[in-house]
Every structure is written in structure tokens, then in C-alpha cells.
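Have a look at the structure below, and then we can walk through confidence, helix packing and charge pairing.

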Amino acid sequence: MTKFLLSVHVLAAIIAVGPVTVAASMFPAAVRRAGPDAPSLASVRLLHRICRVYSVIGLAVPVFGLATAGSLHVLGDAWLIVSIVLTAAAAGVLALLVLPGQERLVAALEGVRRCGVPRRAWACRPASSTCCGPS
């Protein structure tokens, strides 16, 4: 059973954490390249969606990791506690900083597309629901 849990843990880490890492690192460059045209905005939306969906799928990684650690009887080991703390910190950064920041930038880009607000105006604040331009 331990081998199965470890295999699922490693596969979940590769399948879930990898896409989030790549999409999150590509997102800033995609935002800089994005303009009011639909294809560039679609790529920014896609990268944000990948981050959102795969971060939820990534919840399987610590679940199977803890199950594996329990079956190996290493729940109190220092390396595991450090791993749990680092995983929680990474999840917190993703949930509290990265994903909300991406949502604000996607909303701002959509405002540029709808309203034609210049890039410098939307770079500092999210777009409003009404197309009234920068404040």
C-alpha cells in the first residue's frame, strides 16, 4: 500500500504542481504582450485558468503525502514537518497573492478590451465594471 500511495503522491505532484509553476511563470510575460485583441487576451485567460484548476487538483499532493508518511510511520520526523510548512507557505502564496493578482490583471485587460483605456492606465489598478477610464 505504501508504494501505491507514494506513486500517487509523486504523480500528483508532477501532474498538478508542474503546470501551475509553468503557467504562473508565463503569466507576467503574457500580460505584458497582451493587447486589446482577442487572441492575446485568450492566452492570458488560459494561463490563469490553468493556475486556478491545477491548484485545486494540487490539493491531492499533500493528502497523499500525509497518507504515505502515515504508512511509513514518519509523521513526527523533522524533514516531514519542514516539508509540510513549506507546502503550506507555497499554497498560501498561491492562494493569497498569485491567483488574486492574476484575477485583477485579467479584469484589467478585459476593461482595456471593452473600453479602450490606455495600457498605462490599467497597469496600476483593476478595471471598473463601468467603462469610465482611469481615475
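## Confidence

This is a predicted model, and its protein chain has an average pLDDT of 86. A score of at least 70 is reached by 82% of the residues.

## How helices 1 and 2 pack

Now turn to helix 1 (residues 2-33) and helix 2 (residues 38-57): their axes come within 8 Å and cross at roughly 155°. Because of that angle, helix 1 runs roughly antiparallel to helix 2. The crossing of helix 1 past helix 2 is left-handed.

Which residues make the contact? On helix 1 they include I15, P19, V20, F27 and R33, while helix 2 contributes, among them, V44, L47, H48, Y54 and I57. Sorted by class, the contact of helix 1 with helix 2 has 16 nonpolar, three polar and one charged residues.

How many salt bridges does a search of the whole structure find? The search finds one. In this salt bridge the side chains of E110 and R45 meet, at 2.9 Å from N to O. E110 belongs to helix 4 (residues 78-115) and R45 to helix 2, so the pair ties together parts that are 65 residues apart in sequence.

Terms used
Residues numbered from 1 in each chain as written. Predicted model: local features only at pLDDT ≥ 70, side-chain atom pairs only at ≥ 80, totals over all residues. Heavy atoms only, no water. Axes fitted to C-alpha atoms, helices over the stretch in contact; angles between N-to-C directions. Helix = DSSP H or I, 4+ residues; strand = E, 2+ residues; numbered from the N terminus. Parallel < 35°, antiparallel > 145°, perpendicular 65-115°, else oblique. Left-handed = near helix turned anticlockwise from the far one by under 90°. Contact = heavy atoms within 4.5 Å. Nonpolar A, V, L, I, M, F, W, Y, C, P; charged D, E, K, R; others polar. pLDDT = per-residue confidence, 0-100. Salt bridge = Lys/Arg side-chain N within 4 Å of Asp/Glu carboxyl O.
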